[in-house]
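The following questions and answers concern the architecture of a protein model. Please examine the sequence and the coordinates first.

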2 protein chains.
Amino acid sequence: MNSANARALFATARLARLASASADGRPHLVPVCFALEHDTLYSAVDHKPKRSATRLRRLDNIAANPSVTVVADHYEEDWSALWWARADGSAKIVAAGEPEHARAVTLLAERYEQYRARAPGGPAIVVAVERWSGWRASEDSDMRL
Amino acid sequence: MNSANARALFATARLARLASASADGRPHLVPVCFALEHDTLYSAVDHKPKRSATRLRRLDNIAANPSVTVVADHYEEDWSALWWARADGSAKIVAAGEPEHARAVTLLAERYEQYRARAPGGPAIVVAVERWSGWRASEDSDMRL
């Protein structure tokens, strides 16, 4: 699948999963809602002080190691309908109050009514996507994940 | 959420995503079908010689760095129904012909009719899960991903 098609499929998903890794190579994975603008992927963290130890591992990882990958996928019992799309890139953390944070909140609110009801209070994760890739069973003669 | 509940939620999913990382900390992410037995998670790779460069990155990563994390999640537009569950552990690659590979194929075939129609031809990935964790919006007063 070419990168334009991979990006287009990715953009249809409502949920993706963000993988980061600690400096010593321990991967971490968390589902994220996201918005895309060109080759930039935005997600946001809610402000949850009580959960900071668990919730902020992705932020610690990104600060130490900006390399991330994000995947969206589609599952049906008819495996000829399966697909996935992946964005590999470099992430940074943007604090509330910075212009890129406002852009993230705007784009997320356009995409998710739930964010219009209440904007995310924590920092944004902004991923500069360097590579789109993907796979669709219907284009594959040997259709399997 | 306690680990028993996280495991139980995870076990309801048909698809999960496996994150590995290269020795130098670059994360990789791919959707996987899986089967669980106690605290062991099995998935398998199809034999696709033409795609080996892309398909086998997870295998290269695991050989260099066994630390993996696997996530299952559930999305609905009603965010009070959201949940995710995660398995952190240590992975190994088991080649076809070894007893653990046969166990993986048996368990995957029990769970997926699609594997009964044709067993996976490539190696199995066997994850010894060291930690189950999860989150469910309905148990969270501040329900957000």
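Q: Which rotation superposes chain B on chain A?
A: This is a predicted model, in which local features need pLDDT of at least 70, side-chain atom pairs count only at pLDDT 80 or more, and totals for chains, interfaces and linings use all residues. Residues are numbered from 1 along each chain as its sequence is written, with chains lettered from A and ligands numbered from 1 in the order in which they are written. Superposition is by least squares on the C-alpha atoms of residues with pLDDT of at least 70 in both copies. With 0.0 Å of shift along the axis and an RMSD of 0.0 Å, the rotation is 180°.

Q: Which C-alpha of chain B is nearest the axis?
A: The two copies are related as by a two-fold rotation axis. At 2.1 Å from this axis, the nearest C-alpha in chain B is that of B:Gly25.

Q: In what order do the seven strands of chain A form the open sheet?
A: Strands are DSSP runs (E, at least two residues), numbered from the N terminus, and two strands pair if DSSP finds at least two bridges between them. Strand 2 (27-32) and strand 3 (35-37) of chain A each have a single partner strand, so they stand at the edges. The pairing is antiparallel, and the order is 2-1-5-6-7-4-3.

Conventions
Helices (H or I, at least four residues) and strands (E, at least two) are DSSP runs, numbered from the N terminus.
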